[in-house]
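These are my notebook entries on one structure.

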Amino acid sequence: MTPTDPTPTKADSAPSRQRRAKIVVWVLLALVIVGGTIGYFVARGATTTPPQDASASTGQESGQPSQETGQLVRENSRVLSQAPNEKAVLVEFLDFECEGCAAAYPVVEDLRAEYGDTVTFVHRYFPLPGHPNSMTAATAVEAAAQQGAYEAMYQKMFDTQEQWSHTAEDRSPVFRGYAEKLGLDMAAYDAAVADPATRARIEQDLADGAALGVQGTPTFFLDGKPLTLNTLEQFRAEVDAAAKN
C-alpha cells in the first residue's frame with residue numbers, strides 16, 4: 001500500500017503541485033528501497049527482453065493474448081511519444097490509481113520534454129488488484145487510446161486521481177465523462193469498454209510485466225534493463241546517458 005499524497009488546496013498553483021509531486025515521488029522511492037513496497041524491483045533470475053521498436057511486428061493481433069509472455073514492448077504497446085532520433089527506449093509499467101505513479105507523472109513529463117527527440121517513452125498497463133478502480137481506469141484509457149486519445153486520457157487520469165481513486169464505488173461514469181469532455185465518439189468508446197478484447201489487451205500487459213518480474217508500480221525499464229532509482233538526479237543521469245549513447 002502506497003502512502004497518500006498530500007491533498008492540494010484550491011489555492012495551490014500548478015507549479016506548486018508539480019514541485020510537491022516531485023518531492024513525493026522521491027519519498028516513495030526511498031520507501032521502496034527500505035521496504036520494497038512499491039515496484040522498482042525485478043525478481044532475481046527474471047529475464048528481460050530487449051525493447052523492440054514500437055512499430056515492429058510481433059505476429060500478435062491487437063487485443064489478443066499471446067502464448068509467449070515477457071515481451072517488454074509489443075506492436076500494440078501504447079507509445080506515449082516516439083523519438084524522431086531514437087537512441088533509447090524508456091518503458092513504464094503503471095497503474096492509474098497508484099499514488100507513486102501519479103507522483104512520477106510530472107517527472108516523466110519533464111524528462112519527455114527534455115529528451116523527447118532521442119528517447120521513446122512507452123507505457124504498459126499494470127493495474128494492481130488492491131486498487132478497486134485501476135482496471136476500470138485502464139479500460140477507459142485503452143478505449144480512448146483506440147480513438148487516438150491515449151495521451152489526453154492518461155493525463156486526465158493522473159490530474160484528477162485524488163477525485164476518483166481509492167473507493168469501492170464504480171468510477172466508470174466518471175471516466176465516461178472524461179471521454180465526453182475529450183470529444184470522443186461515445187458509441188465507439190462504449191463499444192470498446194464493453195469489448196472483451198480491450199480487457200485482454202490490458203491483461204497481456206499484466207502478463208508481460210509479471211513475466212519480467214514487475215512486482216509493483218511504477219516500474220521502469222531503460223533499454224531493456226530495470227531501473228532501481230534512488231534520486232531524481234540519478235534518474236535524469238540514467239536517461240541522459242542513454243539518450244547520448
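The entries below follow that order.

**Basis.** I worked from a predicted model, in which local features need pLDDT of at least 70, side-chain atom pairs count only at pLDDT 80 or more, and totals for chains, interfaces and linings use all residues. I number residues from 1 along each chain as its sequence is written, and side-chain values use heavy atoms, with hydrogens and water left out.

**Entry 1: salt bridges.** I took a salt bridge to be a side-chain nitrogen of Lys or Arg within 4 Å of a carboxyl oxygen of Asp or Glu. By this rule I recorded 13 salt bridges. For secondary structure I used DSSP runs numbered from the N terminus, with helices (H or I) of at least four residues and strands (E) of at least two. For accessibility, buried means under 20% relative accessible area, exposed over 50%, and partly exposed in between (1.4 Å probe, protein chains only).

I looked up glutamate 109 and found it in a salt bridge with arginine 112, with the closest N and O atoms 3.0 Å apart. Glutamate 109 and arginine 112 are separated by about one helical turn, because they are 3 residues apart in helix H2 (residues 99-115). Both glutamate 109 and arginine 112 are buried.

In helix H6 (residues 172-181), glutamate 180 and arginine 176 are 4 residues apart, about one turn of the helix. I noted a salt bridge between their side chains at 3.5 Å, N to O. Glutamate 180 is partly exposed at 46% relative accessible area, and arginine 176 is partly exposed at 29%.

Aspartate 205 and arginine 201 form a salt bridge at 3.1 Å, N to O. They lie 4 residues apart in helix H8 (residues 196-211), which means that about one helical turn separates them.

**Entry 2: H2 against H4.** How do the axes of H2 and helix H4 (residues 150-159) cross? I noted that they come within 9 Å and cross at roughly 135°; axes are lines fitted to C-alpha atoms, for helices over the stretch in contact, and angles run from 0 to 180 degrees between N-to-C directions. H2 and H4 are therefore oblique to each other, as angles under 35 degrees count as roughly parallel, over 145 as roughly antiparallel, 65 to 115 as roughly perpendicular and the rest as oblique.

Contact means heavy atoms within 4.5 Å. On the H2 side I listed Cys101, Ala102, Tyr105, Glu109 and Arg112, and on the H4 side Glu151, Tyr154, Gln155, Phe158 and Asp159.

**Entry 3: alanine 140.** I located alanine 140 in helix H3 (residues 134-145). Alanine 140 counts as buried, at 2% relative accessibility. Apart from neighbours within four places in sequence, alanine 140 contacts Met153, Met157, Phe175 and Tyr189.

**Entry 4: backbone.** Which peptide bond is cis, with omega near -5°? I found this for the bond from threonine 217 to proline 218. Proline 218 sits in the loop between H8 and strand E4 (219-222).

Histidine 166 has a positive phi near 60°, although it is a residue other than glycine. I placed histidine 166 in the loop between helix H5 (161-164) and H6. Histidine 166 is partly exposed at 40% relative accessibility.

Aspartate 223, also not a glycine, has a positive phi of about 50°. I found aspartate 223 in the loop between E4 and strand E5 (225-226), partly exposed at 31% relative accessible area.
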